[in-house]
Amino acid sequence: MSLGQDRARALELDAEDPLAGARELFWPGPEGQVYLDGNSLGMLPRRSGARLRRVVEREWAEGLVGSWEGWIDMPTSVGDRLGRELLGAAPGQVLVADSTTVNLYKLAAAALDARPGRGVVVSDRHNFPTDRYLLEGLARGRGLELRLVEFDEVEGPDPQRVAEVVDGDTALLSLSHVDYRSGALADMMAISEVAHRAGALTLWDLCHSVGAVPIELDRSAADLACGCTYKYLNAGPGSPAFLYVRGELQGQLRQPIWGWFAQLDQFAMGQGYSPRPGVGAFLSGSPNVIGLALVEEGTALLGELGIERIRAKSQALTSFLVELWERHLNPLGFGLASPRDPRRRGSHVTLRHPRAAEVCRRLAGTGVVADFRSPDRLRLGCAAPTTSYSELVVAVGRIAAAVSDRAGGGKAGEAAPGASQRQDGRP
Ligand SMILES: *Cc1c(COP(=O)(O)O)cnc(C)c1O
């Protein structure tokens, strides 16, 4: 099938797409740009612009300090909403605060303190760097062994392998739900059960799954989880992250950053730290109110679009992209570095090519935004509310052109960066 035939098919798929209209709910971005990096920074929902003006110009500018009355419970109220719409978590277990890195630290430290006498922390050798670094720091500070496991680099962590490496000396198993490199979707339920049989606690990083994959934390047997809100949740750069602490565990866990926002009677300003009951004990300092408002809008928007519909389109998009890869890019030396089975994938597709870094730069010059992950991976994010099938055909055509230029022996490889792309023209 030629790229032209694929283009015709993409137009049909777009015409039948129940989420096609969702793109109108976002700021459009530069004319003609194909944005395949919503897994890194989601697009701006129009409603968030309006909410931002309200928070800043009315609540802050006019309400000033009096507005705290309405703001102060936002970490838990927005957390409850996020739990209900996207995490499968009953109220009282989720809060929105701090960054993913800080939340991972709080949760991991609390888990390790709750398993005294156990000497091992288990994670994935290719987990996201911040996850590995902070576990390394915690393990070193406590004299524990950090066991970084080599899982299949495409298929990710699997329950059998976890069963081999988690044992009675393991305090904590910390993994990503969706692998940031390959997009592999881990079986949270099966893996958590394996860890529980060994008596270990589980901590899941949901950065690449929240807003793209339906999550059932309460049903999954996960103990602890956290994730960011600026990727598929579209809450903006540096927006506050969330954390989940299973209700039954809240009384047994104590997080390490003791601050006044977790204090039982916060405004008594009294002596001695005594944390409030519930997930609020995981708060530390003043919440980022502007960021929280945008998390609320992003959550509400995805809730209205429906996570099941989002997942269905995301699987169809990534499957279409894998088909396009097979026909048009595999012959040009690109390998597939994501699982073939759409049920085992999150919402991005990763291709490997020795010149991936250059391809990614060239794509940017033609208005296709993807991202590069060292040493040879090109990541193509398919955020269902904002990505069309036709855009995937455009991207694949440009990827093919980006490697054909030089492979064809022409002069393009010697030209100034960007020159050959400009001939190709923006769409
Ligand atoms: C994006 C991402 C993070 C980011 O952490 P920050 O504290 O927001 O910088 C952490 N973990 C994973 C798996 C991610 O994909």
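Reply: With 427 residues, the chain would have a radius of gyration near 22 Å as a compact globule, and its own value of 23 Å agrees with that. Keep in mind that this is a predicted model. The C-alpha trace spans about 75 × 60 × 40 Å along its principal axes, and the chain holds 14 helices and 13 strands. Of its residues, 54% count as buried. Among contacts with a separation of 6 or more, 71% join residues 24 or more positions apart.

Now to the sheet you asked about. Four strands make up this open sheet, in the order β9-β10-β13-β12, and their pairing is antiparallel. β9 (335–336) and β12 (371–373) are the edge strands; each has a single partner, so one side of each has no neighbour in the sheet. At the β12 end, three bridges join β12 to β13 (residues 377–381) in the antiparallel sense.

Helix α11 (residues 307–329) lies across β9, β10 (348–352) and β13, and runs at about 20° to β10. Helix α12 (residues 356–365) also packs on the sheet, where it touches β12 and β13, with its direction at about 40° to that of β13.

For the wider setting, turn to the nonpolar cores. The largest has 85 residues, and L378 is one of those that touch the most other members, along with L82, L87, W204, L206 and L217. Looking past neighbours within four places in sequence, L82 is in contact with L87, V94, V96, V210, L233, F242 and T299. Another core, of 28 residues, lies apart from the largest one and includes V121, L135, A171 and L172.

A search of the whole structure finds zero disulfides. The closest cysteine sulfur to that of C207 is in C228, at 3.4 Å, which is too far for a bond because a disulfide needs the sulfurs within 2.5 Å. For C226 the closest cysteine sulfur belongs to C207, and 6.6 Å is likewise too far. Both residues count as buried: C207 has 8% relative accessibility, and C226 has 0%.

Notes
Residues numbered from 1 in each chain as written. Predicted model: local features only at pLDDT ≥ 70, side-chain atom pairs only at ≥ 80, totals over all residues. Heavy atoms only, no water. Pairing = 2+ DSSP bridges. Helix = DSSP H or I, 4+ residues; strand = E, 2+ residues; numbered from the N terminus. Contact = heavy atoms within 4.5 Å. Axes fitted to C-alpha atoms, helices over the stretch in contact; angles between N-to-C directions. Core = buried A, V, L, I, M, F, W, Y, C linked by side-chain atoms within 4.5 Å. Buried < 20%, exposed > 50% of the residue type's maximum accessible area, 1.4 Å probe, protein only. Rg over C-alpha atoms; globule rule 2.2 N^0.38 Å.
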